[in-house]
Amino acid sequence: MKLLIFSKRGQGSSLKKRHLVTYSHTDSIISDQFRTIRTNITFLTEEKHKRVFLITSSGKGEGKSTTAANLAVSMAGQKEKILLMDASIREPAIHSIFKFQNEIGLTDVLTYKVKLNEAICKTGIGKLDILPSGSSLLNPAELLGSEAMSELLIEAANLYDVVLIDSPTVLQSTETRVLANLCDGVILVVSRGRTMIDDTIEARKILELSQANLMGTIMNAK
């Protein structure tokens with residue numbers, strides 16, 4: 001398993017408070033590290049036509065949503081057409097990071113209330129679009145593991161160069177295990193000094209049992 005490191009060390013405290021550093025501080029050390037991560041992902045998937053990637057973590061508070069958002073912005077900087085999808089239906093965050101409403105989104109597409117193009121939000125950052133989580137539901141695991149989700153991922157992969165999915169945490173949500181199996185690759189975000197080693201090992205085991213393609217780990221080093 002490859003190790004991708006995202007470190008905040010050496011940055012001012014003001015940068016730590018900014019969600020989209022890859023947009024607001026393109027010349028920062030953090031932005032450069034995300035460019036390295038982007039390159040590593042490209043290298044790992046070169047000539048394999050893999051386009052749909054799940055970003056998750058073992059537990060809460062490990063920075064997966066912020067990591068997914070910054071990686072999406074970094075990829076969009078390469079003039080690629082990127083879709084960032086928020087599949088964390090119980091605790092969505094992507095719409096807040098990009099300052100959008102969450103009135104319609106993924107759940108509304110999956111329940112055939114709207115079409116994908118009607119739920120997409122244009123960020124104005126390169127060719128980066130986001131799909132918010134949408135209306136809250138009581139059965140997210142069933143919905144994310146449905147045939148409708150499989151069809152949506154195929155549609156999105158045909159429309160975008162890369163699809164990034166911010167998913168719920170592995171140890172606290174069953175839907176991630178189902179969703180991981182539908183994606184071309186999974187990236188696990190861990191937080192140095194916060195994530196327990198046993199939790200990381202357990203999350204990896206669960207993903208492997210789900211027959212997910214665990215591409216690597218991004219370490220948040222504060």
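## Threonine 123 and its polar contacts

The backbone nitrogen of I125 lies 3.1 Å from a polar atom of the T123 side chain. The T123 side chain also reaches the backbone oxygen of L128, at 2.7 Å. A polar contact is a pair of N or O atoms within 3.5 Å, where within protein one must be able to donate a hydrogen and the other to accept it; residues adjacent in sequence count only if both atoms are side-chain atoms.

This is a predicted model, in which local features need pLDDT of at least 70 and side-chain atom pairs count only at pLDDT 80 or more, while totals for chains, interfaces and linings use all residues. Residues are numbered from 1 along each chain as its sequence is written, and side-chain values use heavy atoms, with hydrogens and water left out.

T123 is placed in the loop between β4 (121-122) and β5 (127-131); strands are DSSP runs (E) of at least two residues, and helices (H or I) of at least four, numbered from the N terminus. T123 is buried, with a relative accessible area of 19% (buried means under 20%, exposed over 50%, partly exposed in between, with a 1.4 Å probe and protein chains only). Beyond its neighbours within four places in sequence, T123 is in contact (heavy atoms within 4.5 Å) with F98, F100, L128 and I130.

## Nonpolar cores

A nonpolar core is a set of buried Ala, Val, Leu, Ile, Met, Phe, Trp, Tyr and Cys residues joined through side-chain atoms within 4.5 Å. The largest has 38 residues, and M85, L106, L131, M149, L152 and I165 have the most contacts inside it. Helix α9 (residues 147-159) supplies the largest share of this core, 6 residues. A second, separate core of 30 residues includes F53, I55, A72 and I125.
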